[in-house]
Amino acid sequence: MKSVLIMCLVLSSIVGSLTVSAQDSETDAETGASEVTADFTHPDDLAESYDVIVIGAGGGGMAAAIAAKDAGSNVAIFEKMPILGGNTLKSSAGMNASESKFQEAEGIEDSNELFFEETMAGGHDTNDEELVHYLVDNSASAIEWLDSMGITLSSITTTGGMSVPRAHRPEDGSAIGGYLVDGLQRNVFEREIPTFVNANVTEILEEDGAVTGVQVNIEGNEHQVNAKAVIIATGGFGGNLEMVTDNNPDLEGFVTTNHEGATGDGLVMAQEVGAQLVDMDQIQIHPTVEQETSYLITEAVRGEGAILVNKEGERFFNELDTRDAVSQAILSQTDSSAYVIFDQALRGRVKAIDQYESMGLVKVGDTIEELATTIELDPEVLSQTLSIWNDSVANGTDDNFGRTTGMEIALEEAPFYAINIAPGIHHTMGGVKINTNAQVLNEADEAITGLYAAGEASGGVHGSNRIGGNAIADIIIFGRQAGEQSALFVN
Ligand SMILES: Cc1cc2nc3c(=O)[nH]c(=O)nc-3n(C[C@H](O)[C@H](O)[C@H](O)COP(=O)(O)OP(=O)(O)OC[C@H]3O[C@@H](n4cnc5c(N)ncnc54)[C@H](O)[C@@H]3O)c2cc1C
């Protein structure tokens with residue numbers, strides 16, 4: 001087989017050779033890509049047909065391809081960008097799972113039922129209950145599955161709306177994205193799954209109600225490729241601001257944290273073959289986005305104990321409430337923005353902060369008063385705010401705003417830091433309607449023969465508000481399921 005072999009530090013060198021946002025490359029730098037071979041398939045090696053075609057090589061697509069291959073099917077991946085990873089590469093806080101072996105090792109008491117309840121509450125009970133049950137019940141085994149492939153998420157933190165630490169991330173507390181994509185890509189290559197980049201799928205082909213393949217443009221050349229099953233893993237549409245505002249006009253003018261390939265192609269193609277779309281107007285804004293760079297400040301910073309203060313230097317909300325609530329609270333403050341405040345000890349617990357600093361996003365002060373002066377807040381008020389917060393941590397109760405998580409450690413080790421943030425478009429909760437077998441459903445709720453979807457391209461799991469850490473759980477669990485079910489179907 002002719003293939004493009006590039007011996008390199010895959011993520012750092014491939015990403016570095018392209019015009020991508022600093023966030024992509026730095027996520028990789030944070031996590032440290034391992035030395036593997038980037039083995040993209042040469043377009044000349046395209047076969048006329050495959051058992052299963054996966055559209056999109058983010059986390060969901062790669063998980064699906066690995067599972068389909070391991071279940072005995074002949075699977076190929078088409079990715080329209082020159083690199084693999086999509087939004088998954090940008091993910092930071094972690095992957096939620098309950099009753100995992102790593103939680104048990106840390107003595108964290110959790111249950112699938114509690115995870116279910118908190119996910120439903122986070123989505124204001126608009127989530128698809130069956131999908132959420134499937135998600136939580138398979139979350140611990142997904143962590144094990146990743147671990148069995150050398151992707152070990154053994155450090156655990158807390159995200160907003162969760163009452164216990166549940167967000168699994170790499171052992172050193174670094175961002176999950178680069179590490180996860182690196183590991184999945186390594187497993188894709190080890191299995192010699194044909195992987196085409198610059199391969200833009202433009203149509204899903206069907207005949208008599210059954211999927212028969214795809215139309216794909218690979219490096220400028222059109223191809224019709226047959227398949228018995230197709231998996232849509234094209235991600236969301238948070239990078240397509242026209243589609244965002246068409247579905248929710250209130251989001252005009254917001255910045256986006258998404259990668260440029262998050263354009264919603266899979267949803268449009270699915271609809272053309274009769275798929276039902278759900279929750280399309282449910283688009284999440286993330287509370288803490290640096291506005292000049294559209295760079296996400298991970299929820300793990302608040303999960304590890306940071307507070308938010310407004311321009312008056314005061315706290316104004318439970319920082320670890322759900323994202324929709326925290327975003328709205330920030331939007332009601334002066335200038336619709338706030339500062340994330342933390343100390344030196346917290347920096348050591350969240351490696352991603354090194355990246356924020358290297359990008360010039362972090363302001364610093366040797367004392368809290370000096371920090372206040374630097375960011376033009378009232379030093380006395382900010383100092384008082386911190387002192388009240390540290391008392392709350394000591395007492396274990398936040399009388400003012402009812403925060404109960406991420407308050408184990410006080411903010412008292414100089415120097416002190418601040419990052420100016422405001423909400424930004426982050427996640428599209430809506431998408432293709434699927435069942436627990438990851439089959440795509442038509443308007444009559446019947447499965448379209450041979451068509452599967454997983455990850456951000458699908459809708460229903462998160463309802464009207466996604467909990468931080470639940471998207472990576474979604475893409476791995478339903479990606480794996482789409483791969484296994486499609487293989488079962490074709491075999
Ligand atoms: C900055 C940031 C931080 C985040 N942090 C977290 C976190 O810590 N925890 C969490 O749970 N979630 C997080 N999320 C959300 C999460 O990363 C995404 O929801 C998830 O990674 C989506 O995975 P996916 O596989 O569905 O899509 P993606 O990873 O976006 O992959 C889809 C792929 O499909 C490709 N594609 C699209 N159209 C086509 C086409 N027509 N033909 C071929 N290929 C196509 C795209 O180029 C892309 O590579 C974060 C998101 C962002 C933006």
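This is a predicted model: local features need pLDDT of at least 70, side-chain atom pairs count only at pLDDT 80 or more; totals for chains, interfaces and linings use all residues.

**Ligand surroundings**

The shell around the ligand holds 43 residues, of which Glu79, Thr88, Ala93, Glu456 and Ile472 come nearest. Sorted by residue class, this shell divides into 13 nonpolar, 24 polar and 6 charged residues. At least two residues of the shell are supplied by each of helix H3 (59–70), strand S9 (199–207), helix H10 (265–272), strand S18 (416–428) and helix H17 (470–490), and H17 gives the most, with 4 residues.

| Residue | Protein atom | Distance to a ligand oxygen atom |
|---|---|---|
| Glu79 | polar side-chain atom | 2.6 Å |
| Gly85 | polar backbone atom | 3.3 Å |
| Asn470 | backbone N or O atom | 3.5 Å |

An open sheet with mixed pairing is formed by 3 strands, in the order S12-S19-S22. Strand S12 (277–278) and strand S22 (458–459) stand at its edges, and because each has a single partner strand, one side of each is left without a neighbour in the sheet. S12 and strand S19 (residues 431–433) run antiparallel and are joined by 2 bridges; within this pairing, the bridge partner of Leu277 is Val432 in S19.

Notes. Residues are numbered from 1 along each chain as its sequence is written. Side-chain values use heavy atoms; hydrogens and water are left out. A residue is near a molecule or strand if one of its heavy atoms lies within 4 Å of it. A polar contact is a pair of N or O atoms within 3.5 Å; within protein, one must be able to donate a hydrogen and the other to accept it, and residues adjacent in sequence count only if both atoms are side-chain atoms. Ala, Val, Leu, Ile, Met, Phe, Trp, Tyr, Cys and Pro count as nonpolar, Asp, Glu, Lys and Arg as charged, and the others, Gly among them, as polar. Two strands pair if DSSP finds at least two bridges between them.
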